[in-house]
Amino acid sequence: MTERGGVVVLDFGGQYTQLIARRIREQQVFSSILPCTAPLEEIRKLEPVGMVLSGGPSSVYDAGAPVCDPQVLQLGVPVLGICYGMQWIAKQLGGKVEKAERREYGPARLEVQNGASEPDSALFSGLPKSLRIWSSHGDNVLALPAGFRATGRTENAVAATEDSQRKIYAVQFHPEVKHTERGRDILRNFLFQVCGATPTWSGAAFIHETVEAIRRKAGACGAICALSGGVDSTVAAVLVHRAIGDQLTNVFVNTGLLRKNEFVQTLEMLRERLRLNVIGVDATERFLTQLKGVEDPEEKRRRIGREFIAVFAEKARELQGEAAHEKIKYLVQGTLYPDVIESVSVKGPSATIKTHHNVGGLPENMPFQLIEPLRDLFKDEVRRIGRELGLPEEILVKHPFPGPGLAVRLLGEVTHEDLERLREADAIVVEEIRRAGLYEKVWQAFAVLLPVRSVGVMGDFRTYGKTVGVRVVESDDAMTADWVRLPPEVLERISTRIVNEVAGVTRVVYDISSKPPGTIEWE
Ligand code: XMP
């Protein structure tokens with residue numbers, strides 16, 4: 001959804017780009033990210049009060065190094081360049097950038113400097129003269145462009161510069177990461193002192209603007225929402241419902257890949273407690289037929305994505321006859337920013353990590369246009385919006401669950417029998433994590449069924465069964481994650497119960513990989 005008067009972050013492919021946007025929203029100023037190659041027109045449409053040029057992995061002298069339209073520096077909108085953003089500005093405006101003799105990765109000390117006769121930099125207003133900062137760069141700005149002055153240095157390089165006349169500011173370090181002391185205040189100074197932004201963005205403002213924007217876009221048509229009862233799709237459905245009322249039909253598909261009792265319980269909650277108009281479709285056999293003989297995870301996702309769309313298209317056709325749904329033109333999805341960034345290569349250049357999330361799994365020629373009202377947000381931001389919308393707490397704290405469901409937690413071919421095993425094991429993991437009071441403290445807790453068989457002994461019999469992996473991770477936004485140091489007695493209860501209660505499983509292992517280099521899911 002587009003909101004005017006915010007700050008546009010132009011992405012040069014930096015690993016912290018999304019953090020910049022989020023830090024800005026934390027100051028109640030709307031922020032969205034565009035690829036650095038975005039045409040000026042697209043930027044202008046957003047009527048930004050400021051722009052941030054992100055960091056990136058390249059050197060400005062690399063062949064194919066990402067660039068923006070140089071006119072972004074002439075829009076009359078204040079600009080803050082960060083890291084690569086600073087180097088690009090310096091080079092673009094006639095300064096000199098060179099490979100650093102000593103590269104700076106990690107902590108460094110910034111000495112804020114203002115010439116005796118010069119006014120203090122607005123960027124560092126009210127801050128100490130010496131700050132611990134976080135850097136990650138191999139190039140330095142050796143000569144500043146005309147009109148610029150250095151406002152901060154590290155031991156090795158110019159670390160902050162500005163041309164306050166043209167309102168172009170740049171820093172070589174990362175104010176958006178927590179390791180930079182007073183980084184939040186540096187961004188705050190840019191937003192309020194330099195850009196004159198107004199801190200009006202809030203959950204309520206987001207809800208209001210988003211509902212209005214959806215009404216303008218889809219008010220005359222019908223929409224169908226892929227609802228799963230997770231926080232993302234439920235918040236998306238409630239927003240669209242507020243915008244177009246009964247022109248929205250929610251469809252909750254039982255793919256046969258859901259968790260234990262999930263289909264029935266979730267349907268009941270969505271209908272009874274949220275009063276949403278939801279059609280439940282049991283398509284278990286269709287999905288399992290599609291997955292027969294398929295072992296490759298990406299192929300599983302593609303087939304599931306295709307089948308989802310086929311089910312929605314059929315439902316939409318069925319509904320066409322009913323007056324309120326004359327033209328079902330839109331498909332509503334609860335896609336979040338991390339889904340977007342990990343799934344599509346923003347042609348600008350954050351690297352594609354996987355092609356698997358909501359956005360990645362959809363077929364190219366879909367009979368729908370997408371409405372994705374949460375596309376710019378992170379999970380914790382969506383939870384706050386959900387709270388503001390009055391959604392029940394049990395939805396807000398629910399762990400994320402992938403669209404392809406248990407298919408990507410059951411390694412190898414998906415069969416009815418293994419799905420039942422996995423469902424039981426998964427329910428035990430979640431039950432025990434809840435019982436230990438940990439459910440709301442961890443990001444995700446689940447079981448994975450591995451195709452590894454091993455020997456065991458039960459009673460006086462030799463057994464030869466499958467292995468369950470237990471994965472419990474903490475994370476802020478799923479971009480990075482760490483395994484949770486569970487108390488041994490919780491691990492013990494999980495393990496004992498799984499081996500005793502799930503037929504055909506003889507061994508339980510605990511996954512101690514972080515992300516990166518692992519991912520949260522196993523497939
Ligand atoms: P990974 O495994 O990439 O997962 O570290 C990051 C987050 O995304 C969820 N996930 C998915 N969500 N479709 C989805 O809707 C998918 O194909 C998918 N794969 C992973 C995962 O559960 C975690 O929260």
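Q: What makes a stretch of residues a helix here?
A: A helix is a DSSP run of H or I with at least four residues, and helices are numbered from the N terminus. Leu187 has its place in such a run, helix H4 (residues 183-194). The model itself is a predicted one.

Q: Why is Leu187 called buried?
A: Buried means under 20% relative accessible area. Leu187 counts as buried because its relative accessibility is 3%.

Q: What is Leu187 in contact with, leaving aside its neighbours within four places in sequence?
A: Contact requires heavy atoms within 4.5 Å. By that criterion Leu187 is in contact with Arg23, Leu80, Pro175 and Glu176. As for Leu239, 52 residues from Leu187 along the chain, the two C-alpha atoms are separated by 30 Å.

Q: How do you know that strand E1 and strand E2 pair?
A: Two strands pair if DSSP finds at least two bridges between them. Strand E1 (residues 7-11) is joined to E2 by 5 bridges, and the two run parallel. Within this pairing, Leu10 stands opposite Leu34 in E2. Strand E2 (residues 31-35) is mostly covered, with 4 of its 5 residues buried.

Q: What makes the β-α-β unit of E1, helix H1 and E2 right-handed?
A: The term applies if, with the strands pointing away from the viewer, the path from the first strand over the helix to the second runs clockwise. The unit made by E1, helix H1 (residues 17-26) and E2 is assigned as right-handed.

Q: What makes strands E12 and E14 edge strands?
A: The open sheet has 5 strands in the order E12-E11-E10-E13-E14, with parallel pairing. Strand E12 (278-282) and strand E14 (369-371) are its edge strands, as each pairs on one side only. From one strand to the next, the twist averages 30°.

Q: How do you know that E10 and E13 are paired strands?
A: At least two bridges are needed, and 4 bridges join strand E10 (residues 222-226) to strand E13 (residues 328-332), which run parallel.

Q: Which residues of H7 are buried, and why are they said to lie on the same side?
A: The buried residues of H7 are Glu262, Phe263, Thr266, Leu267, Met269 and Leu270. They cover an arc of only 165° around the axis, and therefore lie on the same side of H7. On the other side of H7, Val264, Gln265 and Glu272 are exposed, a word that calls for over 50% relative accessible area. The buried residues of H7 pack against helix H6 (231-244), E11, E12 and helix H12 (393-396).

Q: Which residues of helix H11 are buried, and what covers them?
A: In helix H11 (residues 379-388), the buried residues are Lys379, Glu381, Val382, Arg383, Ile385 and Gly386. Their cover includes H1, helix H5 (203-218), H6 and H12. Just after H11, Gly390 takes a positive phi of about 80°.

Q: Which domains does the domain assignment give?
A: The assignment gives domain 1 (7-194), domain 2 (203-396) and domain 3 (415-510). The C-alpha centres of domain 1 and domain 2 lie 36 Å apart. Their contact takes 14 residues from domain 1 and 11 residues from domain 2.

Q: How do you know that strand E16 pairs with E15, E17 and E18?
A: The threshold is at least two bridges. Strand E15 (residues 444-458) is joined to E16 by 12 bridges in antiparallel fashion, strand E18 (residues 505-510) by 5 in parallel fashion, and strand E17 (residues 482-483) by 2, antiparallel. Each of these pairings therefore meets the threshold. Partners across the bridges include Met458 and Phe461, Val468 and Val508, and Val473 and Trp483. The hairpin of E15 and E16 has 2 residues between the strands, and Gly459 there takes a positive phi near 60°.

Q: How many residues of E16 are buried?
A: Strand E16 (residues 461-474) is mostly covered, since 10 of its 14 residues are buried.

Technical notes: Residues are numbered from 1 along each chain as its sequence is written. This is a predicted model: local features need pLDDT of at least 70, side-chain atom pairs count only at pLDDT 80 or more; totals for chains, interfaces and linings use all residues. Side-chain values use heavy atoms; hydrogens and water are left out. Buried means under 20% relative accessible area, exposed over 50%, partly exposed in between (1.4 Å probe, protein chains only). Axes are lines fitted to C-alpha atoms, for helices over the stretch in contact, and angles run from 0 to 180 degrees between N-to-C directions. The arc is that of the directions from the helix axis to the C-beta atoms. Domain bounds come from an automatic or database domain assignment.
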